[in-house]
Each structure stands twice: as structure tokens, then as C-alpha cells.
Amino acid sequence: GASGVRDLHVGMMGDDVRALQTVLVERNVGPAARALKAHGITTTFAKLTFAALVEYQNQVGIVPSSGRCGPLTRAYFVSHNVPGLWW
């Protein structure tokens, strides 16, 4: 991972949020991801990102499925070779 890695949660902004949204849209695991795709990728972590992340965490078995991109979710991304710059 890159330096400056941070936990991502509702209310945050940045290119790392954009990277997370891109992964969620590309994985397209359900209706929340499709809603995020329809809305468009941004740099803001808001309710659509939260819902899509919870959906993804549930799909892949990340417990708890908190809607927060913290150490567990980043470790999953790394161990499954999910492309991204911030994990």
C-alpha cells in the first residue's frame, strides 16, 4: 500500500474515495453498486458509497460489514489483488 493510507467513511473526500468507488462499481455486486454507478464516481464518500460498500462487504464475507473501509477491507483488497492505489 501507499503511504498516507486512511480509513474511509461517510463524510470523507479524496482521490482514495474515488478509487474505492471505482472498485465498488467495477465489482457491481448488487443494487447499491448499480445506484452508485448510475450516480457517477465522485471524490465524496456519501450514502451511496456507504450502501455499496456494505453490500460488497456482505458479498465477500468481510465481518463486520460496517460500510467503513478500514484495515479488514483493505487487507481483503490486498489479499485478493483488487487494483487500487490506497490499500
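Asn81 counts as exposed, at 67% relative accessibility, where exposed means over 50% relative accessible area, buried means under 20%, and partly exposed lies in between, all with a 1.4 Å probe and protein chains only. Asn81 lies in the segment after helix 4, helices being DSSP runs of H or I with at least four residues and strands DSSP runs of E with at least two, numbered from the N terminus. The model is a predicted one, in which local features need pLDDT of at least 70 and side-chain atom pairs count only at pLDDT 80 or more, while totals for chains, interfaces and linings use all residues. Residues are numbered from 1 along each chain as its sequence is written, and side-chain values use heavy atoms, with hydrogens and water left out.

**Overall fold and dimensions**

- The protein chain contains 4 helices and 0 strands, and its elements run α-α-α-α from the N terminus on.
- The radius of gyration of the protein chain, taken over C-alpha atoms, is 11 Å, close to the 12 Å that the globule rule gives for 87 residues, so the chain is as compact as a globular protein of that length; the globule rule is 2.2 Å times the number of residues to the power 0.38.
- Along its principal axes, the C-alpha trace of the protein chain spans about 30 × 25 × 20 Å.
- Of the contacts in the protein chain between residues at least 6 apart in sequence, 50% join residues at least 24 apart, a contact being heavy atoms within 4.5 Å.

**Surface and charge**

- Buried residues make up 38% of the 87 residues in the protein chain.
- The accessible surface of the protein chain comes to about 4,700 Å², of which 57% belongs to carbon and sulfur atoms; the areas come from the Shrake-Rupley method with a 1.4 Å probe, and for residues only the protein chains shown count as cover.
- The protein chain carries 8 positive and 5 negative charges, whose mean positions are 4 Å apart; Lys and Arg count as positive and Asp and Glu as negative, while His and the chain ends are not counted, and the place of a charge is taken as NZ of Lys, CZ of Arg, CG of Asp or CD of Glu.

**Nonpolar core**

- The largest nonpolar core has 20 residues, and those with the most contacts inside it are Leu8, Leu20, Leu24 and Phe77; such a core is a set of buried Ala, Val, Leu, Ile, Met, Phe, Trp, Tyr and Cys residues joined through side-chain atoms within 4.5 Å.
- Helix 1, helix 2 (31–39), helix 3 (47–60) and helix 4 (71–79) each supply at least two residues of this core, and helix 1 gives the most to it, with 6 residues.
- In soluble globular proteins, nonpolar side chains tend to be buried together.
- Not counting residues up to four places away in sequence, Leu24 touches Ala33, Leu36, Thr49, Ala52, Leu53 and Tyr56.

- Asp16, found in helix 1 (residues 15–27), is buried with a relative accessible area of 6%, and, leaving aside its neighbours within four places in sequence, Asp16 is in contact with Arg6, Leu8 and Trp86.
- Thr73, placed in helix 4, is buried with a relative accessible area of 2%, and its contacts, with neighbours within four places in sequence left aside, are Leu53, Gln57, Ile62 and Arg68.

**Backbone geometry**

- Most residues other than glycine have a negative phi, and most peptide bonds are trans.
- Asn28 has a positive phi of about 40° although it is not a glycine; Asn28 is found in the loop between helix 1 and helix 2 and counts as partly exposed, at 34% relative accessibility.
- Phi of Asn81 is also positive, near 55°, in a residue other than glycine.
- A cis peptide bond with omega of about 0° joins Val63 and Pro64, and Pro64 has its place in the loop between helix 3 and helix 4.

**Selected positions and separations**

- Lys47, found in helix 3, is exposed with a relative accessible area of 70%, and Lys47 and Ala32, 15 residues apart in sequence, are 9.7 Å apart in space, C-alpha to C-alpha.
- Val78, found in helix 4, counts as partly exposed at 47% relative accessibility, and the C-alpha atoms of Val78 and Leu36, 42 residues apart along the chain, are separated by 23 Å.
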